[in-house]
Amino acid sequence: MTKLERVQAAIRRQPTDRTPYAFWRHFPDVDRNAAALAQSTLRFHERYDSDFLKVTPHGGYAVEDWGCVEGDEARPDGHRPCARHGVNAPEDWKRVRPVKMESSGWATHLETIIRTVVDKRADCSTVPTVFSPLSLARKLAGDRLGYDLKENPQAVTDALTAITETILAFMEACFREGCEGIFYSVQAASATFHTEEEYQRFGEPYDRRILEAVRDRSKLTILHCHGERLMFDRLAALPADLWNWDDRRAAPALADGQARVPGAVCGGLDQWGTLKDGTAEQAQAEAQDAIAQTGGRGFILGAGCVILPETPDATMIKLITSVGGRPRLGLFRPQL
């Protein structure tokens, strides 16, 4: 099987020649440089040989054109939060207008995608990372988003429309340049940040519009359900192929989630605990438990989110080998 055939068989819940798997991470030392990020991503891919290649940009790429300034200090998982928000008053939402792809942030991510696709080391589907409109609205406004959803809903709605149009233009450019799918990260369908009514009004319609718009061109639509206290049934009803969430730390369990989605699930490994601090044998046992939960069908082995930069290489090599993968040994270092 080719990697795409293996992934699509998993989506259809058909048998595969081996357990498909995929891993991704942040590269905070280089992720503000498109060429350097592309090379680091490709070296990481060469090392671990995942069944799809997810490009992980710095999180601020999608909001810097609207005034957000990303901090310089990376968190333990490798991401950097906004140090200064772009929306600090109700009138600031008016400055959120559709962005041309020649702009700084979106163009940098697109350049990384192009470099990754053109380089023939990527022997599988390449997917860009896109954050949902309501997730980006929180990046833009921080904690004041909840206030503006109640007091200035039209201003936020207008901004969400502009963000959606920008995402659709970005995805059109990505498909034109040869990417084959989308990694769509929803950080807003969580009771930690929103009520279900808020997500139903300000999140779900925009998520559905984007995912339906890419449906005909995407060979692999990955829905990343970020956070805890997930509104999982709403996320499960969105048009996607593969659902990924932190099943070892947030409900539902992998088997329960699989029973609630029409496609495949991706996860089974605890990136904060087992992969980072456990032994290779513990990681292998966790993988076998995930395979048992899903019956080995409709399943792609992975972490609940990015693996941490300090995840031991030896653990990853032994884990991947145990499920039939062929990591490339030698001089390649995935940290570079």
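Helices here are DSSP runs of H or I with at least four residues, numbered from the N terminus. The model is predicted.

**View 1. The largest pocket and its centre.** The volume of the largest pocket is about 1,000 Å³. Its lining counts 43 residues. Closest to the centre are Asp77, His79, Lys139, Gln187 and His226.

**View 2. Elements that line the largest pocket.** Helix H4 (133–141) gives the largest share of the lining, four residues. Strands E5 (129–131), E6 (181–186) and E7 (220–225) each supply at least two residues, as does H4.

**View 3. Residue classes in the lining of the largest pocket.** Polar residues number 18.

**View 4. Ser218 in its loop.** Ser218 sits in the loop between helix H8 (204–214) and strand E7. Its relative accessible area is 10%. The cut-off for buried is under 20%, so Ser218 counts as buried.

**View 5. Polar contacts of the Ser218 side chain.** Two partners are shown here, Leu220 and Thr221. The Ser218 side chain reaches the backbone oxygen of Leu220 at 3.3 Å. With Thr221 the link is side chain to side chain, a polar contact of 2.8 Å.

**View 6. Contacts of Ser218 beyond its sequence neighbours.** Neighbours within four places in sequence are left aside. Ser218 is then in contact with Phe175, Glu180, Gly181 and Ile182.

Methods: Residues numbered from 1 in each chain as written. Predicted model: local features only at pLDDT ≥ 70, side-chain atom pairs only at ≥ 80, totals over all residues. Heavy atoms only, no water. 1 Å grid on protein atoms, 1.4 Å probe; cavity = no way out; pocket = protein on both sides within 12 Å on 5 of 7 lines; lining within 4 Å. Points joined across faces, edges and corners; volume = space filled by probe spheres on them. Nonpolar A, V, L, I, M, F, W, Y, C, P; charged D, E, K, R; others polar. Buried < 20%, exposed > 50% of the residue type's maximum accessible area, 1.4 Å probe, protein only. Polar contact = N/O pair within 3.5 Å; in protein donor to acceptor, adjacent residues only side chain to side chain. Contact = heavy atoms within 4.5 Å.
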